Amino acid sequence: MNKRKWTVLLFLVALAGCYQDNEEALAPCVAGEVHYAQVVAVLQGYGCIGCHGTSGASGGVVLQQYSTLKTVADNGRLLGAISHAAGFAPMPQGAAKMSDCDIARIKAWIDAGALEH
């Protein structure tokens, strides 16, 4: 093959690989209303409930009960921590930041009033 054909072939292979890596970024993060149960599922998926359950919650922040999760959502601590905003302890602690889509889902729930349905 000549140099131009190799260049085109390599470009197409790289492009295909990038598509697979960014599939989540291409899909809509929030489709419709986000429910409390979905937020809890995200938090459980990242291990947040393990550290912030009802008994001996780390930092006194309880995420397992709706009332305490709503308080942390309403005062900005939840979104600040999971988005690694300045002035907040980045969560989950000692782990990678949540995906942008998961953060967007939680933000949508908070923006809609952090309802318990």
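In what order do the elements of the chain run from the N terminus on? They run α-α-α-α-α-α-α, and the secondary structure comes to seven helices and zero strands. Helices here are DSSP runs of H or I with at least four residues, strands are runs of E with at least two, and both are numbered from the N terminus.

Before we go further, a word on the model. It is a predicted one, in which local features need pLDDT of at least 70 and side-chain atom pairs count only at pLDDT 80 or more, while totals for chains, interfaces and linings use all residues. Residues are numbered from 1 along each chain as its sequence is written, and side-chain values use heavy atoms, with hydrogens and water left out.

Let us start with the chain as a whole. Of its 117 residues, 27% are buried; buried means under 20% relative accessible area, exposed means over 50%, and partly exposed is in between, with a 1.4 Å probe and protein chains only. The accessible surface comes to about 7500 Å², and carbon and sulfur atoms account for 59% of that; such areas come from the Shrake-Rupley method with a 1.4 Å probe, and for residues only the protein chains shown count as cover. Taking contacts (heavy atoms within 4.5 Å) between residues at least 6 apart in sequence, 55% join residues at least 24 apart.

Now to the interior. In soluble globular proteins, nonpolar side chains tend to be buried together. The largest nonpolar core of this model has 22 residues, and Leu-43, Leu-69, Leu-78, Met-98, Ile-106 and Trp-109 are those with the most contacts inside it. A nonpolar core is a set of buried Ala, Val, Leu, Ile, Met, Phe, Trp, Tyr and Cys residues joined through side-chain atoms within 4.5 Å. At least two residues of this core come from each of α3 (36-45), α4 (48-51), α5 (66-74), α6 (77-82) and α7 (100-111), and α3 gives the largest share, five residues.

Next, follow α5. Which of its residues are buried? They are Tyr-66, Leu-69, Val-72 and Ala-73. These residues lie on the same side of α5, because they cover an arc of only 130 degrees around the axis, the arc being that of the directions from the helix axis to the C-beta atoms. Their cover includes α3, α6 and α7. Just after α5, Gly-76 takes a positive phi of about 90 degrees.

The loop between α6 and α7 also deserves a visit. His-84 lies in this loop and has a positive phi near 60 degrees, in a residue other than glycine. Its relative accessibility is 33%, so His-84 counts as partly exposed. Pro-92 is found in the loop between α6 and α7 too, and the peptide bond from Met-91 to Pro-92 is cis, with omega near 0 degrees. As background, most residues other than glycine have a negative phi, and most peptide bonds are trans. Ala-95 has its place in the loop between α6 and α7 as well; with a relative accessible area of 44%, Ala-95 is partly exposed. The C-alpha atoms of Ala-95 and Tyr-46 are separated by 8.7 Å, although the two are 49 residues apart along the chain.

Finally, the segment after α7 holds Ala-114. Phi of Ala-114 is positive, near 50 degrees, and Ala-114 counts as buried because its relative accessibility is 0%.
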